[in-house]
Amino acid sequence: MKTLLITRLLPEANIATARQHFDVTIREEESAGLTPAEAADAMKTYDLILPTLGDAFTAEAFEMAGADLRCKVLANFGVGYNHIDVDAAKAAGVLVSNTPGAVTDATADIAMTLILSTCRRASEGERVLRAGNWHGWGPTQMLGMHVTGKTVGIIGMGRIGQAIAHRCHYGFGMDVVFYNRSAKETAFPARQIDDLAGVMAAADIVVVAVPGGAETNKLINGDCFAAMKPSGVFVNIARGDVVDEPALISALQDGQIAGAGLDVYAQEPFVPLALREMDNVTLLPHLGTAALEVREDMGQMALDNLIAFEEGRDLPQAV
Ligand code: NAP
């Protein structure tokens, strides 16, 4: 039986399935990821690894593992794999897979949560109420942005971007504009604009849904925020490194944009105090896929890739 390291606590159903196929070791950690040195050790010790967000399978980790590398597959739990240096993995002969599709609807739902919560000042209102500072309904009290009929700008019209746009169009009667690396046809009315700042300028609400990593690092910079409407709301459910976080903070502080809704941060779990102090910012602790059935589907998909490898088949979700 091949040895498998699962780098974080997973749902019980996934662990039971894993034990039917592999000699399983579970790292009893809820959230702390592997350092590059720990990732190197793991790759020297186990045949297979099921890693996730925050596990630093960097070029340095592969270098440290060197000729002692034993691991054959990194079956990532999650669609985003910017914590794995895929080129270094390929060079070392390690296969990598991810969990596309299993996360799409749940992450789109969190984007809608952030849009609605930020535009309609929901978390701010709840803080007011919980602090005992609500003294009754009033016609001009806590007025936010009406969401229905506005224009949403999607940055990265992939699986999640399309699921968000679909919800915005059919659920909220919104116009959809988008920016995407390649030309994209959509099953709903949407206008592709080949200029990132153009999308930011046209939209009332901008949602980022591109993958993280070197290609998109700080794609959303100060110039992008300067292009937005002063009434604009910025939402990021993708990865923190896609956004120049200090530039976002300045744009919020200077009133260049009206608010932000964030599920991801540049240096998780660190969230800058400046963001935490602003009432017009909704902050979630990376909840995109946080529902048991979604996490079970992600775990099953990661395991299916490991089982395929074990049975000599191609990885169904190879990256
Ligand atoms: P996907 O289907 O691969 O979509 C990514 C889209 O981004 C594609 O349409 C791609 O364009 C576009 N893109 C890539 N690089 C670009 C660039 N430089 N400029 C413009 N567009 C670019 O991925 P997905 O399943 O929608 O997931 C997207 C990301 O969401 C994941 O990688 C992950 O980091 C993040 N995520 C976050 C959570 C959370 O918990 N908050 C949960 C799930 C996923 P092409 O058409 O040219 O390929």
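Throughout these legends, a residue is buried if its relative accessible area is under 20%, exposed if over 50%, and partly exposed in between, with a 1.4 Å probe and protein chains only. The views show a predicted model, in which local features need pLDDT of at least 70 and side-chain atom pairs count only at pLDDT 80 or more, while totals for chains, interfaces and linings use all residues. Residues are numbered from 1 along each chain as its sequence is written, and side-chain values use heavy atoms, with hydrogens and water left out.

**View 1. The aromatic pair of F225 and F234.** The structure holds 1 aromatic pair, a term for rings of Phe, Tyr and Trp (its six-membered ring) whose centres lie within 6.5 Å, with planes under 30 degrees apart counted as stacked, over 60 as edge-to-face and the rest as tilted. Because the ring planes of F225 and F234 stand at 80°, with the ring centres 5.0 Å apart, the pair is edge-to-face. F225 is buried at 0% relative accessibility, and F234 is likewise buried, with a relative accessible area of 0%. F225 belongs to helix α9, residues 222-227, where helices (H or I, at least four residues) and strands (E, at least two) are DSSP runs numbered from the N terminus. From the C-alpha atom of F225 to that of T289, which is 64 residues away along the chain, the separation is 27 Å.

View 2. A disulfide is a covalent bond between the sulfur atoms of two cysteines, assigned here to a pair of cysteine sulfur atoms within 2.5 Å. The whole structure was searched, and 0 disulfides were found. For C168, the closest cysteine sulfur is that of C119, at 9.7 Å, which is too far for a bond.

View 3. An oxygen atom of the ligand lies 3.0 Å from a polar backbone atom of R159, and a backbone N or O atom of I160 is 2.8 Å from a ligand oxygen. From N180, a polar side-chain atom lies 2.7 Å from an oxygen atom of the ligand. Of the 940 Å² that the ligand exposes when taken alone, the protein buries 89%, with accessible areas from the Shrake-Rupley method and a 1.4 Å probe, and with only the protein chains shown counting as cover for residues.

**View 4. The side chain of N76.** N76 lies in the loop between β4 (73-75) and α4 (86-91), and is buried, with a relative accessible area of 0%. Its side chain makes a polar contact with the side chain of H83 at 2.9 Å, the term covering a pair of N or O atoms within 3.5 Å; within protein, one must be able to donate a hydrogen and the other to accept it, and residues adjacent in sequence count only if both atoms are side-chain atoms. A polar side-chain atom of N76 is also 3.1 Å from the backbone oxygen of G78.
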